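Dear colleague,

Please find below the structure that I am handing over to you. I would be grateful if you could look through it before reading the notes that come after.

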Amino acid sequence: MNGDGQALVDELAATIQARVLSGEIATGTRLRQATLAADFGVSRTPVREALRKLQASGLVEVQPHRGAVVRRPSARDVREAYEVRAELEGLAASLAASRIRDGELRSLRRAQELFRHSVASLLAWRKRPQREERGRTEAHGEWMAANDAFHLGIQEAAGNRRLRRTLADLHESFPRDLTWIVLAENARLLEENVAQHEAILTAIERHEPDESRRLMSEHVLTAGELVTRRFEERRHGDDG
């Protein structure tokens, strides 16, 4: 498969995964290749490859006579993933505090400015008497881009390729978009998230490895607890 074909497969897998993890696609749903191909406007081949990728990550399982069926991660799966991520991202922040270059630091500052702006845009949208969904969608896209730029910028500044690859593999199963799903409903949590980024950035600017590691680990663990509670609530709802 060429680069464009693989990019399409990755995009399809990420989209299906996001819908499952957000609850849009329920646990136990049968994923029909023909239906998905029609929904996305593509052939069955990239859909089939995307489902194979999701099967490898454990999000989808192939059952006899049923095909690909959605398996939503348990709350324990989510908590364990965030515990590992907290340690790894904490290490990245520690290394970045020691190794970051001026250009990388400028990029981090720009990412934080965009991050702050995206939250301000969402909060302003929530206060409007008439809310167009477009405003929320734009704030979400801006938040995701800035959040990714911030976390990935720190990982790049850490200068450890093995660490970056390990974190990339982890995010294929539990993307940062999960945090947005929880935070977007609560203004206080959004503002706290911005403040956490500010504190991490300040510690890195001051070249304080231990403090950078502590703050990043706490930041990820806090997000993990919020997401885990959401998964637990959904599980109880399904049981009811």
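Predicted model: local features only at pLDDT ≥ 70, side-chain atom pairs only at ≥ 80, totals over all residues.

Helix α6 (residues 133–158) packs with helix α9 (residues 187–205) at an angle of about 25°, their axes being 12 Å apart. Because angles under 35 degrees count as roughly parallel, α6 is roughly parallel to α9. The crossing of α6 past α9 is left-handed. On the α6 side, the contact is made by W143, N147, F150, H151 and I154, and on the α9 side by L190, N193, H197, I200, L201 and I204.

The whole structure holds 14 salt bridges. One of them joins D10 and K53, with the closest N and O atoms 2.7 Å apart. This pair links distant parts of the chain, as D10 lies in helix α1 (residues 3–22) and K53 in helix α3 (residues 44–57), 43 residues apart. D10 is partly exposed at 31% relative accessibility, and K53 is partly exposed at 28%.

A further salt bridge is formed by E211 and R214 (2.6 Å, N to O). Both residues lie in helix α10, three residues apart, about one turn of the helix.

Finally, H207 has a positive phi of about 55°, although H207 is not a glycine. H207 is found in the loop between α9 and α10 and is partly exposed, at 46% relative accessibility.

With kind regards

Key: Residues numbered from 1 in each chain as written. Heavy atoms only, no water. Axes fitted to C-alpha atoms, helices over the stretch in contact; angles between N-to-C directions. Helix = DSSP H or I, 4+ residues; strand = E, 2+ residues; numbered from the N terminus. Parallel < 35°, antiparallel > 145°, perpendicular 65-115°, else oblique. Left-handed = near helix turned anticlockwise from the far one by under 90°. Contact = heavy atoms within 4.5 Å. Buried < 20%, exposed > 50% of the residue type's maximum accessible area, 1.4 Å probe, protein only. Salt bridge = Lys/Arg side-chain N within 4 Å of Asp/Glu carboxyl O.
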